[in-house]
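I opened my notebook for a new protein today. I wanted to look up its folds, its contacts and a few single residues.

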Amino acid sequence: MKLLRKIDEFFSQRKSSEKYLIYATIFIGIVLLSYQYLFPMTEKMMKTALAQKNSIEAKINMDKAYLRGITVNGDELFYIKQFSLQIGKLKGRLTEIIDKKDYLNQKIKELSYLLYNEKKWAEFLNSLTQKAAKNGVQIDYILNNFLDVTKNFGHVLEVEIGCNGDYKNLISYINSIEQSDLVVDVYEIDMDGGEPIKTILKVSVWGINF
């Protein structure tokens, strides 16, 4: 309070022109002080705000450009809908493939007699002598060889049969071999003209790898 009283007494003793001069000096001092200390701070704040504004505008422009790039005929979800449709079709195709695979597996299992099975082929080899005896054919020898084939059909059994007998019995014997439950092919027959007829049969048995 004393300070204010002293200020009032000081100004009461001054002329109007002196008062205006003092006011102007004080104002100029405030302006200079503000310019020296407040302006740099304000300028820094403005630059920071301007940089943030420019960054936000750049991001907005990028987003707008992206939206323009994915928009077709005014539809911003065009590609999303298109990809969803393609995914749906691919899922349907995958389901069809799985169903076909299961169907083929089932059919192959039903054709189990075609599948590679050494036990069945051993039984087939044993049956060759039984069929020969039944048809009146004498067996001289039986040779066999297992081959590993990795194509459509696998594991081929090749058999060579040396036998003899009359023509009719030999033909009956060959037919009985070909009528086996397995996939059998008598692919070579070599007969001489003797009595009994000496014959060499070459037989292949096929099986499926599964």
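My entries follow, from the whole chain down to single residues.

**Ground rules.** I am working with a predicted model, where local features need pLDDT of at least 70, side-chain atom pairs count only at pLDDT 80 or more, and totals for chains, interfaces and linings use all residues. I number residues from 1 along each chain as its sequence is written, and side-chain values use heavy atoms, with hydrogens and water left out.

**Overview.** I looked up the secondary structure and found five helices and four strands. Here helices (H or I, at least four residues) and strands (E, at least two) are DSSP runs, numbered from the N terminus. Along the sequence I read α-α-α-α-β-β-α-β-β.

How much of the protein is buried? I noted 19% of the 210 residues. Buried means under 20% relative accessible area, exposed over 50%, and partly exposed in between, with a 1.4 Å probe and protein chains only. The accessible surface is about 16200 Å², and carbon and sulfur atoms hold 60% of that. Those areas come from the Shrake-Rupley method with a 1.4 Å probe; for residues, only the protein chains shown count as cover.

Then I checked contacts (heavy atoms within 4.5 Å). Among those between residues at least 6 apart in sequence, 55% join residues at least 24 apart.

**Helix pair.** I looked at α4 (residues 118-134) and α5 (residues 167-178), whose axes come within 10 Å and cross at roughly 150°. Therefore α4 is roughly antiparallel to α5. Axes are lines fitted to C-alpha atoms, for helices over the stretch in contact, and angles run from 0 to 180 degrees between N-to-C directions. Angles over 145 degrees count as roughly antiparallel, under 35 as roughly parallel, 65 to 115 as roughly perpendicular, and the rest as oblique.

Which residues make the contact? From α4 I listed Phe124, Leu128, Lys131 and Ala132, and from α5 Tyr173, Ser176 and Ile177. By class, the contact has five nonpolar, one polar and one charged residues. Ala, Val, Leu, Ile, Met, Phe, Trp, Tyr, Cys and Pro count as nonpolar, Asp, Glu, Lys and Arg as charged, and the others, Gly among them, as polar.

**Glu178.** I found Glu178 in helix α5. Glu178 counts as partly exposed because its relative accessibility is 38%. Its C-alpha atom is 9.0 Å from that of Val203, 25 residues apart along the chain.

**Asn164.** I placed Asn164 in strand β2 (residues 154-165). Is Asn164 buried or exposed? Its relative accessible area is 12%, so Asn164 is buried. Leaving out residues up to four places away in sequence, Asn164 touches Val137, Gln138, Asp140, Leu170, Pro196, Ile197 and Lys198.

**Pro196.** I found Pro196 in the loop between β3 (183-191) and β4. A cis peptide bond joins Glu195 to Pro196, with omega about 0°. Most peptide bonds are trans.

**Thr199 and Asp190.** Thr199 lies in strand β4 (residues 197-207). Thr199 counts as buried because its relative accessibility is 3%. Beyond four places in sequence, its contacts include Ile161, Leu170 and Asp190. I then turned to Asp190, which is in strand β3. At 45% relative accessibility, Asp190 counts as partly exposed. Beyond four places in sequence, Asp190 touches Lys198, Thr199 and Ile200. Asp190 and Ile200 are ten residues apart in sequence and 5.1 Å apart in space, C-alpha to C-alpha.
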